[in-house]
Amino acid sequence: MNPLCSRCNRVVYPTEKVNCLDKYWHKGCFSCEICKMTLNMKNYKGFEKRPYCNAHYPKTSFTSVADTPENLRLKQQSKMQSQVLYKEEFEKNKGKGFSVVADTPEMQRIKKTQDQISNIKYHEDFEKSRMGGEAPPPDTNTAPAYHHQPANPPNAQNYNYQPAPEPVRSAAAAPPPSAGKRYRAVYDYAAADEDEVSFLDGDVILDVQQIDEGWMYGRVERTGQQGMLPANYVEAI
């Protein structure tokens, strides 16, 4: 049985049938609801299952929504849900991604600075531990002012816990186990800290004490200055 046309309610035969918008139309009845211009499947626009041309297609308008208590509640709820999702994503990504910047030049510079600070701290702790047991080898230029008491001259009781300034390098004093060793500088070295000593290639280092695998303590024979020095810059005589 042939269907009826949605416009004229007459029978639509297959040769003139147009099936569109869930309805059947005659080709001549398939026209704009406003201007009655005949349409086809390429230029029609449907609205509420009725055909329109492009010029008379109904324009959709948006209505403003009032800020009712219900709408405000929904808005606040949506905002809270967004914050919860943000916190969840933050917790999931927490602790990730640090390896990406671990090898940047800036991170390498910071790591090198921290190593230098640790090295300086090690020297300070070493000096403090040496001061607790024995005084560091004095400088020849400042030895009298460093060891003399303000009112009374030094005596044997003042120095029974540490070696005296002059006898440190004499045969009568009790030198450290490694005292008396002589080394020769094989490179120039400029002191990088106040507790280090500078020297030139060929300088003789006296009264050398081994601190660890990388550092020594000794006195430069040419300048009379003493302090810490790198072990790989000197060689034993």
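Is Y52 buried or exposed? In this predicted model, Y52 is buried, with a relative accessible area of 10%.

**Aromatic pairs**

The model holds seven aromatic pairs by ring-centre distance. Two of them are set out here, with their geometry.

| Pair | Centre to centre | Angle between planes | Class |
|---|---|---|---|
| F30 and Y44 | 5.6 Å | 65 degrees | edge-to-face |
| F47 and Y52 | 6.4 Å | 70 degrees | edge-to-face |

Why is the pair of F30 and Y44 edge-to-face? The planes of F30 and Y44 stand at 65 degrees, and the class begins over 60 degrees. F30 and Y44 are 14 residues apart, and each is found in the loop between β2 and β3. F30 counts as buried, at 0% relative accessibility, whereas Y44 counts as partly exposed at 24%.

Elsewhere, Y187, Y189, F199 and Y233 make up one aromatic cluster. There is also a charge placed over a ring: K45 lies over the face of Y57, at 5.6 Å from the ring centre.

**The sheet**

Which strands form the open sheet, and in what order? Its five strands run in the order β8-β7-β6-β5-β9, with antiparallel pairing. At the edges are β8 (226-230) and β9 (234-236), each of which pairs on one side only. On average, neighbouring strands of this sheet are turned by 45 degrees against each other, direction ignored.

Within the sheet, β6 (residues 204-210) and β7 (residues 215-220) pair in the antiparallel sense over four bridges. In this pairing, L206 stands opposite R219 in β7. As background, strands of a sheet pair through backbone hydrogen bonds, either parallel or antiparallel.

**Two buried residues**

Q226 is found in strand β8 and is buried, with a relative accessible area of 15%. Its C-alpha is 7.6 Å from that of E196, although Q226 and E196 are 30 residues apart in sequence.

S31 is found in the loop between β2 (23-26) and β3 (45-47). What does S31 touch, beyond residues up to four places away in sequence? Its contacts are R7, K36, M37, T38, L39 and P51. S31 is buried too, with a relative accessible area of 5%.

Notes: Residues are numbered from 1 along each chain as its sequence is written. This is a predicted model: local features need pLDDT of at least 70, side-chain atom pairs count only at pLDDT 80 or more; totals for chains, interfaces and linings use all residues. Side-chain values use heavy atoms; hydrogens and water are left out. Two strands pair if DSSP finds at least two bridges between them. Axes are lines fitted to C-alpha atoms, for helices over the stretch in contact, and angles run from 0 to 180 degrees between N-to-C directions. Buried means under 20% relative accessible area, exposed over 50%, partly exposed in between (1.4 Å probe, protein chains only). Contact means heavy atoms within 4.5 Å. Rings of Phe, Tyr and Trp (its six-membered ring) pair if their centres lie within 6.5 Å; planes under 30 degrees apart count as stacked, over 60 as edge-to-face and the rest as tilted. A charge sits over a ring if NZ of Lys or CZ of Arg is within 6 Å of the ring centre and within 35 degrees of the ring normal.
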